[in-house]
Amino acid sequence: MFGTLASGDIETARLRRDLRIPCNLGFSCGGFEDLGMRLEGENLGAEENREVVAETAPFQVERPLFQQTQKLVVGYALTSKKKKSFLQPKLEFMARRKGICFVPIDLNRPLSEQGPFDVVLHKLLGKEWQDVIEDYQQKHPEVTVLDPPSAIKRIYNRQSMLQGMADLNLSDCSGSIYVPKQLVVLKDSASSADRVVEAGLKFPLVAKPLWIDGTAKSHQLFLAYDKRSLAELEPPLVLQEFVNHGGVMFKVFVVGDIIKVVRRFSLPNVSSNCEKAKANGVFKFPRVSSAAASADNADLEPSVAELPPKPFLEALVKELRTLLGLRLFNIDMIREHGSKNVFSVIDINYFPGKSLYLKLLCSLNMILSEKQTNELLKIPFCRLWKDARLRASSCRFLPQSGASQT
Ligand SMILES: Nc1ncnc2c1ncn2[C@@H]1O[C@H](COP(=O)(O)OP(=O)(O)OP(=O)(O)O)[C@@H](O)[C@H]1O
Ligand SMILES: O=P(O)(O)O[C@H]1[C@H](O)[C@@H](O)[C@H](OP(=O)(O)O)[C@@H](OP(=O)(O)O)[C@H]1O
């Protein structure tokens, strides 16, 4: 019937309202869609724990209507490094309390014979695994795979990682985004000097391994100050213009629609380091912006430390999720020194570190709520009505017996 609601629809809407479940939590469309955007500055540690309680509580399905037995089964296939950092006993405990259980995927057995899973969470490298997970997703479209391997592959190459950024639609926003000029060197670093000049790249350059493969070596970066120093670098690599940014960078964590931004220390503006680095040809620098380098509580100059504007981040993340096809990632960005809100994206990571984990748990909890709601909605309306009457009568909202249904 056009323009009217059938009684089942009304009841569905009422049930959703009573359960306090948002209407568009499309489990079938991947579960992370339409979860409602939230954005925060980071405050790690105890603050995180407090947040997860606050965030997950509104999505709890209350028990009295039916006994809720639905669980969310998350199959995981992670590198040992990731497993160690992610599956901490505390996180598993919190998950279990919410009805989310993590089950290891046995890489020696066919994936389709395992489970059934509601979600597959993976961070493993290699073509073999990519084929396994692609095949599985085709056969099991109902399972939320975080994330599609082809999308992950794209950001494990520092050239393809930043492609398409220039075309993002951010025209109405309170900030602008760029990618530093860069050049790929596949072999023979010495001869790359001419190409650097031809491409108009200005020194100093940040030299980054082309491939990110989870090893420490793929995160070993150098600053190259002149043409001569390029010969010392080992290809394949990307040479990227250094952008002065006042020594602070922003890590924007994304879990579906949830955004969290943190401030971390970074390399200082180059002028202060220049002479020392020149003496060594290239300057090999450590992981300056690791989780230990939080600058959230540091006393910094506001023009450097101010977080990127919220509407800008929301628009950027929306565009990037479409461009990249990822739901679990972080963007590393820096503010061009002296500018108000001109940013460069310098790196994107898939399923990154600790700052993301509790947010991920919140999102899994929302998927579970959706699953529970779907189960409830499958129950015939007459049974819902009967159960409601039973509960109401025991609460004396309805006469004990004999009342008609109309
Ligand atoms: N173009 C750039 N201009 C200025 N500083 C840069 C640039 N690229 C990288 N950096 C500095 O180097 C750090 C590491 O760079 P990047 O994130 O690209 O490397 P990574 O090995 O992928 O790091 P991560 O540990 O985040 O994965 C940045 O946090 C920043 O301090
Ligand atoms: O904890 P933060 O600062 O967010 O750092 C992350 C890095 O940014 C990521 O690059 C690491 O993952 P990769 O090694 O897959 O790039 C990622 O490694 P992980 O997979 O061991 O968590 C983290 O080290």
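Pro110 lies in the loop that links strand S3 (100–104) to strand S4 (119–123); strands are DSSP runs of E with at least two residues, helices runs of H or I with at least four, numbered from the N terminus. Pro110 is partly exposed because its relative accessibility is 45%, and that class runs between buried (under 20%) and exposed (over 50%), with a 1.4 Å probe and protein chains only. Tyr136 is 26 residues away from Pro110 in sequence, with 9.3 Å from C-alpha to C-alpha.

This is a predicted model: local features need pLDDT of at least 70, side-chain atom pairs pLDDT 80 or more, while totals for chains, interfaces and linings use all residues. Residues are numbered from 1 along each chain as its sequence is written, ligands are numbered from 1 in the order written, and side-chain values use heavy atoms, without hydrogens and water.

Now the ligand site. Ligand 2 has 15 residues around it, and Lys82, Lys123, His219, Arg264 and Asn349 come nearest. Near means a heavy atom within 4 Å. The shell holds five nonpolar, four polar and six charged residues.

| Side chain | Distance to an oxygen atom of ligand 2 |
|---|---|
| His219 | 3.1 Å |
| Arg264 | 2.4 Å |
| Asn349 | 2.9 Å |

The protein covers 87% of the 510 Å² of accessible area that ligand 2 has on its own. Helix H3 (80–86) and strand S11 (248–255) each give two or more residues to the shell around ligand 2.

Terms used
A polar contact is a pair of N or O atoms within 3.5 Å; within protein, one must be able to donate a hydrogen and the other to accept it, and residues adjacent in sequence count only if both atoms are side-chain atoms. Accessible areas come from the Shrake-Rupley method with a 1.4 Å probe; for residues, only the protein chains shown count as cover. Ala, Val, Leu, Ile, Met, Phe, Trp, Tyr, Cys and Pro count as nonpolar, Asp, Glu, Lys and Arg as charged, and the others, Gly among them, as polar.
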